[in-house]
Structure formats: structure tokens, C-alpha cells
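This report describes one protein chain for a reader who is new to structural analysis. Please examine the sequence and the model shown below before reading on.

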Amino acid sequence: MRLELLQGTLDLLVLKALSVGPTHGYGVARWIQDHSNDTLAVEEGSLYPALHRMAKRGWLEAEWGVSENNRRARFYRLTAKGRRQLALEAKLWRQFTDVVAGILSVDNG
């Protein structure tokens, strides 16, 4: 079963994928899909605008290179600002999920 990404999680997942090392957009999407056991799939229509937005914010840097299959591709890597943003977003995500888990564990009986 495939799940849709919740609002706001795409940036966090992209930053996490790029924390492993530089890669192109398809590599980011593949990393997310592989590390979610094929549960999450990132569509190109969401991924590339997110990558461009994050680069504009200074979280990523991009440069042209050649992919594994000899195609020209834009490779993205985290900046120091992007690493700080990843730490912040991961902390906020953990707080959010802890609160939601607490609410779900309330016994209404």
C-alpha cells in the first residue's frame, strides 16, 4: 500500500536523503522509496519544485553532472544551513508525532 506524504514532510525527507551524500532528483526519490519499503513515492511534480525552493533558501547547493546512466543531471547537496534545518525539522517532527501518539492513546471509555 502506498501512502501520500503529509503536508510538510517532503522537505524533511529530502533533507534526510541528501544527508547521506549528494545525488540528483531521481536519486532522492529512489532513496525515499527504498527507505520506506516502497510505501512512500515522491512525484516529480512535487520533488523538483521542493528541491528548487530549498536551494533558494540556501539549504541545498546544486551543480550539473552526469548520472549513472550517462545523462546530464543536476546534483544536490546539503549546505551547513541545510544540515541545521534538517536537525530542526527532525526535532519538530518527533515532537509532533509524540503529541499525536499521546492523543491516539487516550482511552475514551
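Two residues are in contact when they have heavy atoms within 4.5 Å. Among contacts in the chain between residues at least 6 apart in sequence, 54% join residues at least 24 apart.

The model is predicted: local features need pLDDT of at least 70, side-chain atom pairs count only at pLDDT 80 or more, and totals for chains, interfaces and linings use all residues. Residues are numbered from 1 along each chain as its sequence is written, and side-chain values use heavy atoms, with hydrogens and water left out.

Helices (DSSP runs of H or I, at least four residues) and strands (runs of E, at least two) are numbered from the N terminus. The chain has four helices and three strands, in the order α-β-α-α-β-β-α from the N terminus. Its C-alpha atoms fill a box of roughly 60 × 30 × 20 Å along the principal axes.

Of the 109 residues in the chain, 34% are buried, that is, under 20% relative accessible area with a 1.4 Å probe, counting protein chains only. Helix α2 spans residues 25-35, and its buried residues are Gly25, Gly27, Val28, Ala29, Trp31, Ile32 and Gln33. The cover over these buried residues includes the elements in the table.

| Element covering α2 | Residues |
|---|---|
| α1 | 9-19 |
| β1 | 23-24 |
| α3 | 44-56 |
| β3 | 72-78 |

After α2 comes Asn37, which has a positive phi, near 50°.

Conventions: Buried < 20%, exposed > 50% of the residue type's maximum accessible area, 1.4 Å probe, protein only.
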